[in-house]
Amino acid sequence: MEKYLYIALFAPLVSSLFAALFTATPKKQFVGIVASLLIFSAFVASTILLTHVLGGGEIVHVELMTWMETGNLYIPFGFVVDEISITMMMVVTLVSTIVHIYSIGYMDHDTGFNRFFSYLSAFVFSMMILVMSDNFAGLFIGWEGVGLCSWLLIGFWYHKESATWAANEAFIMNRVADLGMLIGIFLVFWNTGTLQYDGAFAAMANLDTETLTWIGIFLFIGAMGKSAQFPLHTWLADAMEGPTPVSALIHAATMVTAGVYLVVRSNELYALIPNVGLFIASLGAFVAIFAATMALVNRDIKRVIAYSTLSQLGYMFAAAGLGAYWVALFHLMAHAFFKALLFLGGGNVMHALSNELDPFKMGGLGKTMKGTMIMMTLASVALAGIFPLAGFFSKDLILEVAFVDHHFIIYTVLLLTAGLTAFYSFRIIALIFHGEDRHTALGFHPHEAYKFMLVAMSPLLILAIIAGFTFKMPYFEMVTQLLPATEYHVHSQVAYWIMTIGTQLFVIASIFFAYKKYMSPSIKVPDGTSKMENSFAYKLLINQYYIPYFYEEYLVKPYRELSTILWEKVDQKIVDATVDGIAGLIHATGENTRDMQSGNLSTMLKWMVAGTIVLLSLAVVFGLSVRYSGEITTILSGLGV
Amino acid sequence: MMEIGLNHYLVLSTILFTIGLVGVMRRKNLLLLFFATEILLNAVNVAFAAISHYYGDLTGQMFAFFVIAIAASELAVGLGLLILWHKRHGSIDLDTMTSMRG
Amino acid sequence: MLSPVNVSLESLNLMTLAPMIIPIVGALLILIIDIFKGGLDKTLYVMISILFLLLDFIALLNAGGVFAKDGIMLGVFDVMLIDGLAILSQYIIVGASIFFIALALSKKIFHEYSYPEFFALFLFMISGFQFMVASDNLILIFVGLETASLALYTLIALHNRDKSFEAAVKYFTMGALAAGLYSFGSMVFYALTGSIEINQIATVLAANEYADIGYVLVAVVFMLASFGFKLSLVPFHTWTPDVYEGSSAAMAGYMSIVPKIAAFVVAMRLFEFLIHSNVVWLEVVLYAMVVITMTAANIWALVQSDVKRMLAYSSISHAGFVMAAILIGTTQSNSALFLYWILFSFTNLGSFTMLWMSRQKELPGYQKSDHSFEKFSGMIKTSPIAAVVMAIFMLSLAGLPPFALFWGKIYMISSAVTGGYTVLALIMALNSAIAGYYYIKLIVFMFMKEPVVDSNGEVYVGNATTATKAIVGFSLIGTIFAFVALNPILEFVTTYVYNSGY
Amino acid sequence: MLDHILSILIFFPMVAGIFGFMVHKDSMRAYGVAVGVIEFSLSLWLWFAFDNNVSGMQFMEHLPLVPAFGINYILGVDGISLFIIILAAFFTMIGIASLPDTKDVKNMIITLLFLQMTMIGVFAALDAIVFYVFWELSLVPMLYIIGAWGGPRRIYASIKFFLYTFTGSLVMLVGMLFMAYFFYQATGTWSFAILDWYRLILPESFQLWLFAAFFVGFAIKVPMFPFHTWLPYAHGQAPTIGSVILAAILLKMGTYAFIRFSLPLFPDASVYFMYPIAIIAIIMIIYTAMVAYAQKDVKQVVAYSSVSHMGVIVLGTFALNVEGISGSVFLMLAHGVVSGALFLLVGVIYERRHTKMMDQFGGLAKVMPRYATIFGLMMMASVGMPLTINFVGEFLSLLGFYQQSHILTLLAGIAIIVGAIYMLAAYKKMFFGEVTIEENRNLPDVNKRELLALIPLAMITIWLGIYPKPVLGPINNSAEAVVQLMHNKATSEEAKLRIPNVSGVVISKTSMKEGH
């Protein structure tokens, strides 16, 4: 089995390096093909491993070599394939294979074609390390690695100011979280003496809660960064500057879910500290609705999808926080499929309309882009969680979890979010594909994407449809080998049915509302005139609650100004000036006193005599004081000194 | 009619010496400057003579003789230099010799 | 009826006089030669002087041998005192003189060397210094001191330029004042103790436990003033820069070494016993003087625009640095003094010889004085070897390891540390940091600036001859490889100082 | 020959330099490269012959110099100094190899060879005075390099560099003399041998003063805030090669000296001063990082960044445990490689455009892709991307210090944020966006000679990032020895507590209480 593990791990690396060879040369079709094949082989290897794991085979655990070893610290390059990591591996390899193939078409006309594949495969490699590592340090390698790749890929079109800006924003914001992660790792090491998952979690059982809490908090801070949880969420929307396949792979299916993975991976830790779990859940719920609201009004399809991703991540954290780790993981998987599909579809649309993103400039594309329309619609249905598509089984499950655990606030919030989700998803569907044509007026001549791109997307479509009812049970069987097998059943059948059907109806209703509102031929393009647009709520949402503005004004600018002050005022005017001042002072003393050497003989003689006299008077004073020391003391004592 | 003792001699020599010092400081004329230094030395001679008489040994007087000798030779050198300077600058005023300063 | 005074020659122990007599004989010989046949070339006189100095040195070695065998010697009615200090200092005096007189063999013709009297005076001066260090009789010290000084004034004046006359006059006048102070000081000592032998004075003072300390201090003040003049301690230093600038580089270098060591020895004889019988006042005053001399001189040196003048100030500061040894007054510090001075002589010999070799007869426009910094700018371009050598001497003066003076410096500072003078040690260290600047300044000019004029480096060796070059080479080796000879020198010095009871 | 390999390593470059005067200036570069290669291979041989399992000194040489005063010529290497020596040899080699055609290249190369002697001497010396000799001597060639080949304000910069460090080290010298005196009092013999001093246990009050004295010398060299202001000038004015050597090797002298002198000689004082120094280190990290962000001159950015990194090194050193110390030593190497490479890269662009102002560039990624790639790699290494050489060092240093203080480590960890900020900003300014300035449109990409220097550095950066073991192992052994020595010498209770006892390994169960 090891060799499959190595294939799964290193095939992406090989692919990346291979593509890297051609970065300097103009576009080569075969680079893309080879890369896709290599990633596909990784997928195949993972599948084999999956069957192995499903077949109840023992966990594959290898130790490649030592990385760091000093003092009590021992960190190997160790990799493990267990029920959790195999899930992630499957998701990662599958989606990335599809995205690679898709990109061959999507990046067709881009000069950076080869470079793109190099980066993309590099990302897959780091992601694999992240999910397969058997210790926190290895996880951190992958953690930073995906960060680096996402920096490269967001800034892929580096000539665009916005792109590079977004790239840096993403990197730095993630760095903030990574610090938390790092501290978490330190805590783990100094308290458990190891960074290996098994050893560490075993040792945590007998640590005081306070320490555990701190560990949990710091690790979760790390997770917040990668999974773009509030308040570190702004980078995700801006990350949409990158090419669409990137958004599909990194910012929907895989990297952003790393945070969820971390929490699931450390379930044994979080099981010990339910309070932190509750906090995570609440934050998740909040982010879910918070993001959904922002998605309602946004006029950029990719950003809308990005926000929906954010909100779905909120769902996952809600589940994980409530201790339903397998549910979280399950939703992670299902979500990966339909969200990637959604993104790729969006990519098709952009392609068709030469990178136009405003849905209000589209409409009626359904006629020309049937395939895409079908895919995106179904994906949205899945996202909305309509029976029997994937979303229903994964997402409604989370609702149940919340309900059963009597966290009714969280439940309500999530339920509400479900409605919003349905609404904004179909808002863009309607705007893009239905209603009357608004784009030809703008001189667009849309065309369907290449066939093979659609073919490449089809597996995702299928999975988005069937993943739910086919996988749920076997998946449950598998993953609960490792994770707490918490079954969630509403006690009374009646209540259950009411809940489910109620949710469904609510969702469907909101879908129809969306259609009704945005398919009407008389839809007016928002131009800042309508009453709704001037309402406070709308402004708040369209400006993303003014959070980016806040960051710009109150963090970025002050930092820049402070730096300048520190340099020009403190460093130059104070620190350095002091040093030069001392030197200057000495020199100035020389300049000012050199006239003592007037060169005039009688002055010299005067100096000499003066010196003698000074010494003489000192001597006399001293001599007298000795001579009359007795008298002096008596006088002083007389004076009462 | 008071008896003149050692201290009087010492005081005298001190006074002379002080006069010499003042002269050294005040005089701008090289020649007078030399006189001043001579006064210094001779002030000391007085004291030496007195003290050696007081102790009744000759060391002090020996010292005095040596001082006289040295004073003489000093004066010789000094006058030589003085003459040289006068030849070149036609002046023996101290203020003429300030080419080096700082 | 007086009985005839009969003294046995053995008791006179004339051997103690030999080292001082030899140069006198040499001087007389030179004069006699000149009487019989004038207009002989300077090389003759130089060689004769060197020969006699070598003889002198041999006599010293002999004396040293005797000292090593049976300790301190007295002679000639006990006015001569041949102890370790005397011998060590005479080694330095005579040794340095040999090299410096050889500097007379310059390429350019200089007025003074055409007189045989120059060399005669030079030799007289040396014997004067030797008398000075080889006695603890205040009269003899006085005589020696004056002999030497008077000769020195004349030698400076012989350089025969306006500035040198001025220098001579200044030096002479202040010297005369110092002589007055000295005699007054010794008078007070005599008045207090009835003796003019330093060790006698010490014993008498110790006997009555410094009863009238006030008068002792008065004497000390006058002594301090007159030796402060010799050692150029601030504020008695004012003559130094002018005299250095006025006299030729060779003479200036000589003055920076020989008269000072002589003065140091006497100062040691005079003040050590007072320090040891802890006269607090003297300690305090010396402390202040040392610090002021070091620091002030350094600060003034920073702003000089002429290398020779800068070196003058630097030598003042070095003197202050070494004066600390007398303040500390342990065996280690006293031997550090000699060690330091030996190493210092090597370095200064080198640097002043470099200046001497670059001596011009008439100055170009961009040069304000003989050795202004501008003269050396871009030296590395035109004559790299000379520049490197000069740089090494500067670094050694700055106390950069592993060059000669560094070792002297650490041993001196270490002695301050062991003597318990922590703050002083720190001040000494920091002072050499300040000093770093002006030595580096010259290096900056030589290595980092562009040449002022497109000279082919001729100017820097304009006055050089094989002899001078050989001397530079010698001192260079001495400066660089000092650490090789360090151990023997250190042990030698320490034993000598220790055996003479300091 | 192995018995004297260290002496050979030290003095071979000097001798070669002296012979260099005889070489004609057109062939000088080849000569220099040859010497550099020989020296480097010698150093590699040293590594090859080095016994990784011995934690103590190896290849010891002993030669009495001034026995009367206890000064001896003692050399030796352990895991801590070994790799810095190799690094020095390596950088001199590639430095000479990649030297652009400056004026009087001959003098430059001879100076470099002398500099190499002093650098290797410092790290091989085991006698305080010998150490001091090389330590001081290393100033002179650097003074010349900066002053003679530097930018417009070169003289100011060079004198500042010289005097500042000179002053500091003089104070250190006094400290050394005191140390020797205490040794003399304790044993009755003078000795400046470091290994002898290790055996001396001083009362804490003495330790504090001596620590302070040594600290002044080291801190200025490192340079630690607020003594750092000479560095930007030195870097800003120095020629590329000067900055490279300065950043890669000379700065390491200070941190190395901390480990060689301060920690083992004054364990109690080290513990006593741990927090103040850690705070200074944190100021260095954050403050200089912010200052770096404000720079307009890319070279200044790198200069300040190296101060920032030195902060992490110091922090690791004063973690006073094996993880921290070996981490800091490793970070010395890492920072040497990375900052050296960055300065070389800056030199590359400076040679083409004769400006270092970032607003003069932009969009270079399109014009010089190879250059951009290598720069990007080194930048990522500098911000501590895992699997690059820097990460190992930073991770270990911070990890180590975490045992001492949680809050301070958290603050120090901000390094990875602020570091990313200024580096990415600089990279963005230089390489991203459109090419706006005409001269940049057709700049030649990095040429062979530059690649010759950069490729090996890139390879080392990756190799030691992925597989640090061959280097980390020996370092670890020596670090353990140091820590054990400190633990044994420590007198105060707190010191015993703070400094772990390596032989009896216990994992401290620090609860977060004292941290928060």
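How far apart are the end C-alpha atoms of helix H14 (residues 331–357) of chain C, and what should its 27 residues span at 1.5 Å a residue?

Modeller: Note that this is a predicted model. The end C-alpha atoms of H14(C) are 39 Å apart. At 1.5 Å a residue, its 27 residues should span 39 Å, so the two values agree. Next, burial. Of the 27 residues of H14(C), 26 are buried, so the helix is largely enclosed by the rest of the structure.

Now the contacts of chain C with chain B. Here 30 residues of chain B are in contact with 30 residues of chain C. On the chain B side, helix H1 (6–26), helix H2 (30–55) and helix H3 (59–89) each give two or more residues. H3(B) gives the most, with 15 residues. By class, this side of chain B has 21 nonpolar residues, seven polar and two charged.

Last, chain D as a whole. Chain D has 23 helices and two strands. Its C-alpha atoms fill a box of roughly 70 × 60 × 40 Å along the principal axes. The radius of gyration of chain D is 22 Å; a compact globule of 516 residues would have one near 24 Å, so the two agree. Buried residues make up 67% of chain D. Among contacts in chain D with a separation of 6 or more, 79% join residues 24 or more positions apart.

Terms used
Residues numbered from 1 in each chain as written. Chains lettered and ligands numbered in written order. Predicted model: local features only at pLDDT ≥ 70, side-chain atom pairs only at ≥ 80, totals over all residues. Helix = DSSP H or I, 4+ residues; strand = E, 2+ residues; numbered from the N terminus. Rg over C-alpha atoms; globule rule 2.2 N^0.38 Å. Buried ≥ 20, exposed ≤ 12 C-beta atoms within 10 Å, placed from the backbone. Contact = placed C-beta atoms within 7 Å. Nonpolar A, V, L, I, M, F, W, Y, C, P; charged D, E, K, R; others polar. Expected span 1.5 Å × (residues − 1).
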